[in-house]
Amino acid sequence: MNYLSAELISKAFNDKWLFKDISLGISQGEKFALVGNNGVGKSTLLKILTGELSSDTGKVVVRDGIRVGVLTQQREVSGQTPVKDILFDTSNKVAAAVKEYEDCLHHPEVPAERMQAALEKMEEFNAWDYDAKVHEVTTKLDVPDLDKTFNQLSGGQKKRIFLAQLLLANPDLIIMDEPTNHLDLSAIEWLENYLAGPTITLIMVTHDRYFLDNVANEIIELDRGQLFRYKGNYAYFLEKKSEREEMLKSEVAKARNLLKKELEWMRRQPKARGTKAKYRVDAFYELKEKASQELRKDRLELDIRESRQGGKILEVEKIAKKYGDQVIIRNFSYVFKKFDRIGIVGKNGIGKSTFLDILTRKMKPDAGEVIPGVTTKFGYFTQDSMNLNPNHRIIEEVKEIAEFITLSDGSQVSASKFLDNFLFPPEKQYTYIEKLSGGEKKRLQLLKLLVTSPNFLVLDEPTNDFDIDTLNVLEDFLDKFTGCLLLVSHDRYFMDHLVDQLFVFEGDGEIRVFNGNYTDYRDSLADAEAEEKSEPAPQVKTEVPRVEQKKVSGKVKREYEELEREIARLESEKTALVDKLNQGSTSHEQLTEWSKAIKALTDQIEEKSARWLELAELIA
């Protein structure tokens, strides 16, 4: 069943076409990931599909009766609106019943008659399953107190509330713009599993490559004003995109060679031109359009000189920090070494950014010491753009630091040339910072950080607002960076490829050091959970009257012995796969395949162990 159709839609801004005459349709159960560089029009296309923006040509048709749910980057809500009024759509009787019930639960002082009426409504609409869903969604997304008003929330909390509202409305078609921003890793993994369900139909813009791989069943690329569709995962998309671009280069080269001959023909005397065949003239203009395609793509260039790093990097001795009764850090010590590449994981609000502020000496701990080496030079990338002066032009912001920037090979370039490498062309460099988009401000922040030639990079959520191509460039740069790297990111792909150690914030001020990347950490948690489940419950010995033992058949004994051998074989296979995973020297796709195989083996071992225990009681 087709849910939505967009036919021959076009959109232009400032006399420039973002896209022209593109068509798209999505049917029940399909999950599309829309990708493309910043500025190509992804968010604009989503707004046209949702009706928020009108197209210049074409039309968008939504099938009658289909409910569309939208999650956008920004949304206006009255500041005094309570969270519960945002979460529950009062036009939905089931949601209204659950809202009243939840309100009574959160206010035990309500009259007994009101609580009784709320319970009766829950029974009348059989709303208990919906209430369970409300509890799951609000818990997993860490939705704050339902009585809080909208203006009391942080930016991240607002995004999570809108996401919860969307999921609770249970729309037929979901359209989302960067759904993983402002979510912690556990919430992202829960959302991933939820959206991967067979009943979900989805169009999303995301730069999270694991999320894209695990949720989408088709990737749609918006490039040079056209849509290209790829049925497969991210690796397949990269392969086919590369093939397409090589083919395009070949076609444009041929068109340019042929154009020279056709141009000579078109330039002949006017007398001859009047007799030219119309079909050939039309073909000439088509050829000219193809030959004039711009194949060069702007690509971020990251190249800096790193400051020399001495033997002592950074020592942290028994630091502690708390806010009121909340303990953020409890007696943590660590000696940073050369080439350390550390990721930081933990729930939102647990104190990760506070920890980074203490390490970079922007904040003092309540106890303990932070002792940097003499040559240690921090580059601290934060989640906000407060270090940018909105009244400055871009070029002025950079020249405040340096007129010339030294690159890794020792050569120097002007501030203007360095900005050009960061995708700020000369005509853009005199734009005021307050007029920049979120992605452009992030890029300028990164530039300002690198200009100072740091040898200890501290990055707090650097992947927000960057497209996938920019993330790939940043990832390659950080992979070659020889200084220390400390990274907070909800992008698991980014973290897996860059870190080999984790600081795990476990709550109540405890920080655990874990050797391995994020996938290694998740696998260790899954193994521990499986081990816990597979352990038989402790048996309490009681004296029972002796009864005559039943004779056990040979068939039962053979099954018992066969199960012993089978369990041992499965355990051996699982151990071998875990060893391979721990080595980590292979592709993401292979690691994913091994992880799934380990899960399947664990399930088989549990099932066969349960049967083996049953037979053991019969044979004993």
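All of them show a predicted model.

**View 1. K11 and D56 meet in a salt bridge.** At 9% relative accessibility, K11 falls under the 20% limit and so counts as buried. The closest N and O atoms of the two side chains are 3.5 Å apart. K11 belongs to strand β1 (residues 2-13), while D56 sits in the loop between α1 (42-50) and β4 (57-62), so this contact ties together parts that are 45 residues apart in sequence. By the rule used here, the structure counts 29 salt bridges.

**View 2. R229 pairs with E218 across two strands.** Here the salt bridge spans 2.6 Å from N to O. R229 comes from strand β9 (residues 226-230) and E218 from strand β8 (residues 218-223), 11 residues apart. Are these two residues buried or partly exposed? R229 is partly exposed at 42% relative accessibility, whereas E218 is buried, with a relative accessible area of 2%.

**View 3. K84 and D103 belong to a salt-bridge network.** The closest N and O atoms of K84 and D103 are 2.8 Å apart. Through shared partners, salt bridges join K84, E100, D103, R114 and D147 into one network.

**View 4. F336 takes part in two edge-to-face ring pairs.** A pair of aromatic rings is described by the distance of the centres and the angle of the planes. For Y334 and F336, the centres are 4.8 Å apart and the planes stand at 75 degrees, so the pair is edge-to-face. F336 also pairs with F503, with centres 6.2 Å apart and planes at 70 degrees, so this pair is edge-to-face as well. F336 is in strand β11 (residues 326-336) and F503 in strand β19 (residues 501-507), so their pairing ties together parts that are 167 residues apart in sequence. Y334 and F336 are buried, and F503 is buried too.

**View 5. Eight aromatic residues can be viewed as one cluster: F332, Y334, F336, F355, F378, F456, F503 and F505.** The structure holds 18 aromatic pairs.

**View 6. A charge sits over a ring at R443 and F424.** The charged end of R443 is placed 4.6 Å from the centre of the F424 ring.

How values were computed
Residues numbered from 1 in each chain as written. Predicted model: local features only at pLDDT ≥ 70, side-chain atom pairs only at ≥ 80, totals over all residues. Heavy atoms only, no water. Phe/Tyr/Trp six-rings, centres within 6.5 Å; stacked < 30°, edge-to-face > 60°. Buried < 20%, exposed > 50% of the residue type's maximum accessible area, 1.4 Å probe, protein only. Helix = DSSP H or I, 4+ residues; strand = E, 2+ residues; numbered from the N terminus. Lys NZ or Arg CZ within 6 Å of the ring centre and 35° of its normal. Salt bridge = Lys/Arg side-chain N within 4 Å of Asp/Glu carboxyl O.
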